[in-house]
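Biologist: I'd like to learn how to read a structure, one feature at a time. Can we just pick a spot and start?

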Amino acid sequence: MTSTRFIITVIGSDRVGIVARVTTVMASFSVNIVDISQTIMQGIFTMIMLAEAPEENFDLAAFQKAMDAEGKSLGVEVKVQHEDVFRFMHRI
Amino acid sequence: MLINPNEILETIQMVRMEHLDIRTVTMGISLRDCSHPDIEVFNENIYEKITGRAKDLVRTTEEIQSLYGIPIINKRISVTPIAIAAESCTAPDFVSVAKTMDEAAKEAGVDFIGGFSALVHKGVTPGDLKLINSIPEALSCTEKVCSSINVATTKAGINMDAVGLMGNVIKRAAEMTADRDGIGCAKLVVFANAPEDNPFMAGAFHGIGEPECVINVGVSGPGVVNAALRELENPNLTEISETIKKTAFKITRMGEMVGREVSRRLGVEFGILDLSLAPTPAIGDSVAAILEAMGLERCGTHGTTAALALLNDAVKKGGAMASSSVGGLSGAFIPVSEDAGMIEAVEAGALSLEKLEAMTCVCSVGLDMIAVPGDTPASTLSAIIADEMAIGVINKKTTAVRIIPAPGKKVGDSVEFGGLLGLAPVMPVSKFSSEVFVKRGGRIPAPIQSLTN
C-alpha cells in the first residue's frame, strides 16, 4: 500500500439524494473527493469516486461500516476499496 | 478519471458475480528447532512456535481483505513435515502431535494446518513409520489437521512399499471417520513430486529447503475465466487461449498484491504465489464449466484432455507474467467434490475415474476428492495411487491422490462434507484385482528421465 486513496463505488437503483448522503458520510470522516464520475447503466445507478483519506488517525473499518450502513438505508451497494486493487489488476 | 471506470467495474463484477477471491493465505513455519526426545516437550515447543509465529496472521489477513475489498477465504498454516521434526521423539506414536497442531490452529484462528507429513519416496525411517501409522487416528480426532505423504519422485522412483501401506492407511482413516462419511480421507493426500511451498490443502507442508517463516498465497478464479470465455462470440481456440491468459494475469495480480501486503505487514518473507485456479462448489466457479464453455457438451467427453491442456497452459502463461514468485502446484485443479460442474458430469455419466486419470497428465494435481465404494480393497486404492504416481514420475510433475472409500456407500450414493470440500458422488472402480502386483513391494526404479546430470 503506497497511498491513502480509495475507490468508492456506489451501485444500485437511482433515487434523489444518493450523492448528497454518501458524500456527507465521507465529509464526517474528512475523506476528500479527488475525482468523481457517475452514469446510469441499464437503469442501474453507478457512481465511482476516487477519494483521499487523511493520513493520520483514519479508521478505515469505521469508515467502511458507516458507508455500508448509509448505502443500506439508501438501498444501494457501497464499496470502499484501496486504489491499488484496480491499478495492480489492470496495469503493469 | 484517474482510473478507468470500466476497469473498476470489471474488478467489482469479478468479485460480486464471478466469485473472484483469494483462496488462501498460508503461513509456512519451520519446526526444525522444536525437536526433543520427550514428546510432551516437543508438543509444547511446537505449540509455542506455531501460535507465536501466527498470532497476527488472521487479524492482518482480515484487515487486508477489507482494505482491498477482495475476499480471502482461508487462512492456513503449514509446518515442517512432522516425521522429520518429531523423528527424535521416543513416543510410540505421534497422535498427540496432531492434537497439539489442532489446538495451535484453533488458537491462531486458522482454517487448516498442514504438515502431518512424511517424505518416504526412497525409504521409510522409524519416525516416518510412526507418523504413517498414526494418520488414521490423528485425522479422526482432529478437525483442522491435514496430512500428506510423498511416496514417489522422478529422481527416486516409486516406493511401492509405501504405496501399499497408504492403501491400508486410507481404508483405516475412512473407517475411523465412518460416522462423518470418511472425512478423514479428505484431509489426506498421497503425492509424487510434492512441492515444498504449496499453499493448498490437504497437501501443504513447509519444505526442508524453506526459510524460517514464509507467506504463500493461492488464488481462486474459475468463475472469472468461465465468465470471460462465455462473453466471446464464436471464438476459435487461439482466441480462447488468449482470453484465459489475460484473465489469469488479472487474477494472479490480485494474489500477488495481497501476498506482498500480508508479508510486509507481518514482517515475514513472501514465498510464492500459486497460479492454480482452485474451484469452489459455487455454481459457475468451476473448472468443468470452463471446459464446457470451450464447446464440450459435458466435461469428461472426448476432447476434455485437450481442452484442459489448453486451459492449464494459458493459465500458467498469464500467471507467470503477473508474478515474479510463482511456485506451489500452479496448474488447474480438478477436485471432483469441490467443483459443481465436475459433480454434474459424474452424475450424468460423462466423467469417469479413467478419464480423470488421463486429465491429470496435463494439469495439476491428480485424482482429487474422489469418492469410491466403501468396500474397495486397500490393494485397489494402492494400485490407483501407483498409477497416478507413475504419471507424475514419468512426466516430471506433481501428481496426487486424495480418495475416499466412503464407508457403507456404493456407486450411485454420494458423500457430503460441506464447505469447500463439497459433495462427492461415489464412482466405480475396476472389479479386477491388483493385489498381487501391489503386494510385491519394492521400488519402481527412477525412470531414465531422471538421469539429467
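Predicted model: local features only at pLDDT ≥ 70, side-chain atom pairs only at ≥ 80, totals over all residues.

Biologist: Is Asn57(A) buried or exposed?

Modeller: You count neighbours for that. Asn57(A) has 6 other C-beta atoms within 10 Å, so it is exposed; the cut-off for exposed is 12 or fewer. Now try Asp181(B), in the loop between α7 (160–176) and β6 of chain B. Asp181(B) is not a glycine either, and its phi is positive at about 60°. But Asp181(B) has 25 C-beta neighbours inside 10 Å, so it counts as buried.

Biologist: And the peptide bonds? Which residues does a cis peptide bond join?

Modeller: Met201(B) and Ala202(B), with omega at about 10°. Ala202(B) belongs to the loop between β6 (188–192) and β7 (213–220) of chain B.

Biologist: Back to chain A, please. In what order do the strands of the sheet lie?

Modeller: To read a sheet, you go from neighbour to neighbour across it. In chain A the open sheet has four strands in the order β2-β3-β1-β4, with antiparallel pairing. At the edges are β2 (32–41) and β4 (76–82) of chain A, each pairing on one side only. On average, neighbouring strands of this sheet are turned by 15° against each other, ignoring direction.

Biologist: What packs on that sheet?

Modeller: Helix α1 (residues 18–28) of chain A does, touching β1, β2, β3 and β4 of chain A. The direction of α1 makes about 25° with that of β3(A). Then there is helix α2 (residues 60–74) of chain A, lying across β1 and β4 of chain A and running at about 160° to β4(A).

Biologist: How many bridges pair β1 and β3 of chain A?

Modeller: Nine, linking β1 (residues 5–13) and β3 (residues 44–52) of chain A in the antiparallel sense. For one such bridge, look at Ile11(A): its partner in β3(A) is Thr46(A).

Biologist: Let's do a helix. How far apart are the end C-alpha atoms of α2(A)?

Modeller: Work out what to expect, then compare. At 1.5 Å a residue, the 15 residues of α2(A) should span 21 Å, and the end C-alpha atoms are 21 Å apart, which agrees.

Biologist: Which residues of α2(A) are buried?

Modeller: Phe63(A), Met67(A) and Gly71(A) are buried in α2(A). They cover an arc of only 70° around the axis, so they lie on the same side of α2(A). Among the elements covering these buried residues are β1, α1 and β4 of chain A. On the face turned away from the buried side, α2(A) carries exposed residues: Ala61(A), Ala62(A), Ala69(A), Lys72(A) and Ser73(A). Just after α2(A) comes Gly75(A), with a positive phi of about 75°.

Biologist: Now chain B. How many helices and strands does chain B have?

Modeller: Chain B has 15 helices and 14 strands. To judge its overall form, set its radius of gyration against that of a compact globule. With 453 residues, such a globule would come out near 22 Å, and chain B has 21 Å, which agrees. The C-alpha trace of chain B spans about 65 × 55 × 50 Å along its principal axes. Buried residues make up 62% of the 453 residues in chain B.

Biologist: How many residues of β7(B) are buried?

Modeller: Seven of the eight, so β7(B) is largely enclosed by the rest of the structure. Strand β1 (residues 21–29) of chain B runs antiparallel to β7(B), joined by eight bridges. There, Ile29(B) stands opposite Cys213(B). β7(B) also has four bridges to β8 (residues 269–274) of chain B, and those two run parallel. Ile215(B) has Phe270(B) as its bridge partner in β8(B).

Biologist: Last one: how many residues does each chain bring to the contact?

Modeller: Chain B brings 19 residues and chain A brings 22 residues. On the side of chain B that touches chain A, α1 (5–16), α3 (57–68) and α9 (237–266) of chain B each supply at least two residues. The largest share of that side, six residues, comes from α1(B).

Technical notes. Residues numbered from 1 in each chain as written. Chains lettered and ligands numbered in written order. Pairing = 2+ DSSP bridges. Axes fitted to C-alpha atoms, helices over the stretch in contact; angles between N-to-C directions. Contact = placed C-beta atoms within 7 Å. Expected span 1.5 Å × (residues − 1). Buried ≥ 20, exposed ≤ 12 C-beta atoms within 10 Å, placed from the backbone. Arc of directions from axis to C-beta. Rg over C-alpha atoms; globule rule 2.2 N^0.38 Å.
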